[in-house]
Every structure is written in structure tokens, then in C-alpha cells.
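I opened the structure and kept notes as I went. The entries below follow the order in which I looked things up.

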Amino acid sequence: MTIPTLSYHIFPCLSSPDQRTAPQRHQPASKIVNLVPTDRSRGMNADYGAPTELAGPLQQRRALYQPRLPPCLQGATVRVEYGDATTTIDPTGAHAVAQAFPRTYGQRLVTFLAPDDTAGAGKAVDERPPIRVGVVFSGRQSPGGHNVVWGLHDALKAYNPHSILYGFIGGTEGLFANKTLEITDDVLASYKNQGGFDLLGRSIDQIRSSKQVSAAMTTCQNLNLDGLVIVGGVTSNSDAAQLAETLVQKNCKTKVVGVPVSLNGDLKNQFVETTVGFDTVCKVNSQLISNVCLDAISAGKYYYFVRLMGRKASHVALECALQSHPNMLIMGEEVALSKLTLMEVINKICDGVQARAELGKHHGVLLIPEGLIESIPEMYALIQEISILHNNNVPVTEIPTQVSPWAAALFQFLPPFIRRELLLHQESDNSAQLSQIDTEQLLAHLVEAEMIKRTKEGRYKGKKFSSVCHFFGYQARGSLPSNFDCDYAYVLGHISLHMIAAGLTGYMATVANLKDPVHKWRCAAAPLTAMMSVRRHLRGPGAIPIGKPAIHPSPIDLKGKAYELLREKASSFLLDDFYRTPGGIQFEGPGSDAKPITLTIEDQDYMGDIEMLKLYLDKVKTIVKPGCSRDTLKAAISSMISVTHVLTVMSHPLNAELPLYHFN
Ligand SMILES: O=P(O)(O)OC[C@H]1O[C@](O)(CO)[C@@H](O)[C@@H]1O
């Protein structure tokens with residue numbers, strides 16, 4: 001059989017203030033603390049009272065890392081510069097957004113600069129009244145979240161040492177019930193640069209119903225808060241916008257500020273370059289993926305089917321593919337765009353398996369995002385029917401008999417474990433529990449059946465297909481955050497304070513130029529309404545009714561550079577086993593400042609770190625001959641470094657110093 005030309009649908013890859021004692025985990029320094037258990041369920045309580053030396057050395061060392069700040073945030077105050085008034089990123093929805101947010105729509109963009117007086121101190125301390133702020137983890141845990149709290153605390157105390165920061169215990173439920181923990185240096189000590197959200201915990205990720213909004217407002221009033229910082233992704237920030245609008249309308253003084261924290265990386269738009277946590281989660285998963293790549297090629301007898309987090313968008317899967325170079329990646333965006341049916345997806349995978357078998361390869365690695373299942377049109381329609389029945393309180397056992405005939409037929413076709421998972425109760429936003437649906441197992445099951453069929457029909461003559469399935473989902477959410485996420489979160493925490501001090505409400509803290517070193521980062525605030533759009537056709541059974549303005553997840557840009565790069569390398573990575581080993585997250589030394597490829601690659605001017613480049617170029621010289629072709633050179637570079645750097649090295653002026661290596 002000839003090697004199939006894979007369509008673009010499936011890409012083989014390149015690659016009252018209550019009053020709680022601070023919960024703490026192992027202390028980083030040589031401090032032994034007398035810790036008091038809380039009622040939260042995460043594992044940290046097991047360590048209460050444990051001697052310091054039980055804390056891991058890396059954990060201790062990480063707690064000592066001081067996140068970097070851009071110059072504008074290094075003093076106690078900032079200069080606030082107001083820019084243009086905003087509309088929305090969705091021009092056709094602007095009217096609807098303006099109507100839904102009459103008091104907070106159209107606010108101006110804001111940039112934060114260093115104070116322009118020569119002393120650089122801005123206002124004197126006695127001109128800065130103490131500020132009272134509350135912070136809540138509204139979204140799902142994402143590495144770096146703790147540093148938002150830390151950055152906010154440090155900025156608040158620098159602004160006026162009598163300022164107070166309350167953390168809401170147990171996420172939004174804690175906000176509604178006014179369960180707080182006062183954030184102090186001592187409380188923070190063991191959470192600096194640490195993963196998870198266990199300093200405060202989280203619950204349902206919503207502040208939406210009128211009861212919830214009113215409970216949140218009551219808490220803000222009872223605590224006499226000047227500001228409330230809401231940490232989370234698209235859903236949490238949409239809710240933040242609504243809460244801000246309501247508080248303005250009800251003359252509540254509390255300013256509401258959103259911070260973009262989400263491992264999914266899907267809160268992305270012209271104001272937000274990436275979210276806190278995405279970098280770490282991708283690095284952790286890329287390491288795991290590269291491990292299974294090497295395991296697969298070593299054993300030579302099975303395919304790994306790996307599902308990654310990513311509900312409406314496949315950013316995690318794309319980034320991990322670029323970092324680890326598995327054989328295939330199926331992105332939800334491509335499948336949705338091409339309206340591929342389940343069996344078409346299966347056939348594409350089987351074609352890839354078959355092509356590899358022709359080369360004597362009976363192993364491989366396939367990546368999918370958890371949202372893939374909803375991107376397949378017939379599966380989406382089935383999930384939506386189930387969702388409607390759930391919303392109508394139809395008992396779960398009766399749902400299969402009440403869906404339409406075609407949906408019932410599809411349902412029956414699916415293996416029992418998938419049927420059970422599709423019927424699970426819904427997420428807080430009424431969407432399906434995608435993290436609980438073993439789509440990778442469904443695909444593996446159907447691919448196996450198809451390969452058996454092809455064998456019987458004489459179309460496939462290779463070895464029996466077999467698979468190993470994994471969901472690399474929750475594991476990474478508690479990881480020690482990368483330096484990038486530590487810095488980014490800490491900076492966003494500072495910006496949040498300056499937003500509140502400036503009296504901004506209904507805004508999100510943002511940082512631009514993230515691809516550059518921290519001293520070049522530009523700190524700003526953008527109105528939440530400016531990021532909203534109005535969906536007339538929902539892709540998933542979300543709770544937000546059609547037509548209601550919201551901040552929506554941004555899908556992969558199928559015209560973007562990262563995707564283009566993936567396409568360019570697709571066939572090679574399907575067949576050549578061009579696996580890459582990124583290793584664990586580096587916290588010090590070379591690689592510790594690495595940023596997400598998908599963030600950096602979209603910027604043509606990215607040059608990377610010169611020292612690093614020199615190192616790479618020297619290495620290249622040892623493995624390819626002078627005068628070799630550009631492709632050989634590119635392959636050599638790619639085998640050592642990330643895709644980002646391949647492009648960087650190829651186009652860097654340093655090349656001029658290496659005339660023998662004709663880089664153009
Ligand atoms: O922690 P929970 O409530 O199971 O949520 C899982 C969901 O959260 C995320 O990890 C982040 O939004 C999704 O990718 C996933 O579907």
C-alpha cells in the first residue's frame with residue numbers, strides 16, 4: 001500500500017473575616033509550624049505538624065524563588081494611563097453587550113507605567129489609604145494560582161501596610177458564605193511558587209444566579225471590601241463582568257477585577273496572550289507524552305492513545321504536540337470544521353496505523369483533547385439531546401429511551417462504558433463532563449475493530465493492532481509552576497491591586513509582550529466587556545443561553561503559525577518517529593525561561609536567548625557537515641531543541657558568523 005496523504009483533519013505531529021487559622025503545608029525554610037487542620041479534603045492536611053525536613057528539597061527551594069517584576073511594578077504605586085474607549089471583539093454583538101452591561105460597557109483601556117516623578121515613588125504613603133481586598137479561586141486549579149494571591153498581597157502591603165487581603169475559603173461557596181482567611185506573610189510562606197489551589201481551595205466555578213450574585217454582594221458589603229479579585233478562566237471572568245455590573249448598579253463600592261488563570265489556555269484574545277497555568281501543564285504533559293513515545297518505540301507493539309485537557313479548544317494538545325512530537329494529533333477544531341463523523345476519524349487513524357505498518361512500525365502515539373468528542377457532529381448532537389433531558393430533570397435511566405430515534409441508535413452503537421459516561425450529571429455550566437468521558441478508549445476500541453475488519457478483508461497485513469490508553473488530565477494541575485507561570489501570576493496579582501487602587505471595575509488584569517523577558521512586559525487592564533461576544537449557535541450545551549454576551553473560549557487559529565508548523569511536519573512525524581524529549585520542567589539554568597511554543601511562535605520577531613542559540617549552533621556543528629542542505633540542518637536542530645528555536649536559529653543574525661552552514 002502507498003503511504004496515504006493525510007488530509008489536514010488529522011495531523012501526525014511534529015512534533016466576617018473569620019477567623020481561620022492558616023492552613024499550611026511543609027515549611028520551606030527551617031521553620032517548624034504548629035498547623036491546624038481544616039475541613040478541606042486535599043492531601044496537605046496529612047502533613048500537619050510534620051517536621052520541616054519532610055518537605056522536599058525542590059519544594060523548599062522553589063518557595064525561595066522570587067518572581068520577577070517589570071519596572072513599572074517595582075514601586076508601591078504606578079502611573080495610570082487611560083487609552084481609547086472600547087467596544088467589543090465581536091462587532092455584531094456590540095449592541096447586545098452594551099445593553100447587557102449598561103454601566104460597565106465601553107470603558108477605556110488602561111496601561112500601568114512607572115510613576116513619572118524623579119523619585120519614582122508616586123503618591124506619598126499618607127496619600128494612600130489602606131485598601132481592603134478579597135480574592136477567590138473561582139476556576140479550576142491551575143499551577144501558578146497561588147502566586148496571584150502572593151503578588152496581590154505584596155502589592156497591597158507595599159501600597160499601604162495597613163491594607164488587608166482576605167482569601168475566600170472553598171472558592172465561590174466560601175465567597176457566598178463569607179468564609180475567609182486573612183492572607184499574611186506567614187500564611188503565604190508555604191504556598192509561594194507551589195502548585196494547586198489548596199491555600200484556599202475551590203468549589204463550583206460560578207457566580208451567576210441572582211442568589212449567588214446577591215450572596216457575593218452581601219459578603220463584599222459585610223467585609224467592606226474595596227475590591228474583589230476573581231481568579232479563573234472564561235466562565236469565571238464572564239461572571240466577574242456580570243458581578244461588576246450588578247455592584248455598580250446597586251451602588252456597592254467594591255470593584256471587581258478578573259485574573260486570567262486557566263490551564264486550558266483558551267482565554268486568549270487581543271488583550272490576553274495566554275493564561276496562568278497553561279505553560280506548566282503543557283510542560284508536564286509533554287514530558288509524560290515523550291516518555292510514552294520512547295516506551296512505544298522500545299516495545300514496538302502497541303499504540304498509545306492519550307487524552308489531554310482542553311474542552312472547547314485544543315491548545316494544550318497542540319502545544320504538547322509541538323513539544324513532544326507524537327505521531328498523530330486530532331484537534332477538535334479541525335474535526336468540527338470539516339464535520340468529520342466518528343467513523344471518518346477512525347478511518348483516518350487506521351490509515352495512519354496502516355501506513356506505519358508498511359514501514360514495519362507497529363507502535364505509535366496519538367494525542368486528542370478531551371473536547372474532541374463534542375467536535376464530532378453526531379456526538380455533539382447526541383450530547384445535546386442528553387443535556388436537554390438532564391435539564392428537564394428526566395431520570396438518568398430514562399434518558400436513553402427518550403432521545404430521538406437516530407440518537408438512540410448512535411447511543412446503542414457506543415460501548416457500554418461510553419454510554420455510562422455520557423449520562424453522567426452535568427458540569428456547573430450544564431455542559432457534559434468531558435473530563436469523565438474516556439474518548440481515547442472509545443477511539444482505541446473502534447480502531448481495533450476497524451483494523452480487524454481490514455485484516456479480514458485482506459486490506460491490512462500487518463501485526464494485530466493493540467493499544468494502551470491514558471488520560472493525562474488532572475496530574476498536571478498540581479504541578480510546581482514553571483518560572484514563567486510563577487512570574488506571570490505574581491505580576492497579575494500586582495496589577496490587580498493597582499486596578500482596584502485606580503477604581504477600575506469590570507476589568508481584567510493583562511500583560512502584553514509575554515514572549516519577551518519580564519523587564520519588557522507591558523502591564524495593563526482591559527474591560528471584560530471588550531472581550532465578549534454573542535454566540536448565536538452554541539457549540540456545546542452550555543448554560544449560557546444563545547445570545548447572552550460572554551467571554552468565550554478561543555479555538556486554535558487554523559491560520560496561525562503554530563498550526564501551520566504542525567501541518568508542515570505532519571507526514572514526517574507520522575512516519576519518522578521524530579520523538580522529542582523535553583524532560584521535566586527546568587527551574588534553573590538553561591531552559592528555565594522557556595515559554596510555550598504556541599505563544600512565542602506567533603511572533604515573527606522572536607529571537608530567543610542569544611546564549612542559548614550559541615550553544616545550539618555549536619552543537620549543530622558537531623553533528624552535521626559544513627555545506628549540508630537546509631533540511632538536514634533543520635532536522636539536526638530540531639532533534640535537539642524546540643520547534644520555536646528551529647525557526648529562531650534559522651533566521652537569527654548569528655548565522656552570519658557561521659558562513660559554512662548556509663542558513664538562509
Ligand atoms: O476539576 P473538575 O471539576 O473535574 O473539572 C475538570 C475540567 O476542568 C479543566 O481541567 C479545566 O477547565 C477541564 O479541562 C476539565 O474538563
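Predicted model: local features only at pLDDT ≥ 70, side-chain atom pairs only at ≥ 80, totals over all residues.

Entry: Asp577. I looked up its backbone angle and found a positive phi of about 55 degrees, although Asp577 is not a glycine. In general, most residues other than glycine have a negative phi. Is Asp577 buried or exposed? I have it down as buried, since its relative accessible area is 12% and the cut-off for buried is under 20%.

Entry: Asn224. This residue also has a positive phi, near 55 degrees, and is not a glycine. I found Asn224 in the loop between α6 and β7 (227-232). Its relative accessibility is 40%, so I wrote it down as partly exposed.

Entry: Ser214. I located Ser214 in helix α6, which covers residues 210-222. At 40% relative accessibility, Ser214 counts as partly exposed. I then took the distance from the C-alpha of Ser214 to the C-alpha of Gly493 and got 26 Å; the two residues are 279 apart along the chain.

Entry: His325. I found His325 in the loop between α9 (315-324) and β10 (328-330). Its relative accessible area is 2%, so I listed His325 as buried. Which backbone oxygens lie by a polar atom of its side chain? One belongs to Phe578, at 2.9 Å. Another belongs to Leu322, at 3.3 Å.

Entry: helix α17. I listed the buried residues of α17, among them Leu443, Leu446, Val447, Glu450 and Arg454. An α-helix has 3.6 residues a turn, so residues three or four places apart point the same way. After α17 comes Gly458, with a positive phi near 80 degrees.

Entry: the ligand. I listed the residues around the ligand, including Arg140, Arg202, Asn264, Arg311, Glu370, Tyr474 and Arg477. By class, this shell holds 3 nonpolar, 3 polar and 5 charged residues. I then looked up distances from oxygen atoms of the ligand to side chains. An N or O atom in the side chain of Glu370 is 2.4 Å from a ligand oxygen. For Arg477, the distance from a side-chain N or O atom to a ligand oxygen is 2.6 Å. For Arg311, a polar side-chain atom lies 3.0 Å from a ligand oxygen. Taken alone, the ligand exposes 400 Å², and the protein buries 87% of that.

Why does the ligand lie between two domains? Domain 1 (70-117 + 127-273 + 481-533) and domain 2 (278-374 + 438-478 + 557-601) both give residues to its shell, so I placed the ligand between them.

Entry: the whole protein. I counted 23 helices and 14 strands. Of the 664 residues, 60% are buried. The protein exposes about 25700 Å², and carbon and sulfur atoms supply 54% of that area.

Definitions and conventions:
Residues numbered from 1 in each chain as written. Heavy atoms only, no water. Near = heavy atom within 4 Å. Polar contact = N/O pair within 3.5 Å; in protein donor to acceptor, adjacent residues only side chain to side chain. Areas by Shrake-Rupley, 256 points an atom, 1.4 Å probe, with all protein chains shown as cover. Nonpolar A, V, L, I, M, F, W, Y, C, P; charged D, E, K, R; others polar. Domains from an automatic or database assignment. Buried < 20%, exposed > 50% of the residue type's maximum accessible area, 1.4 Å probe, protein only. Helix = DSSP H or I, 4+ residues; strand = E, 2+ residues; numbered from the N terminus.
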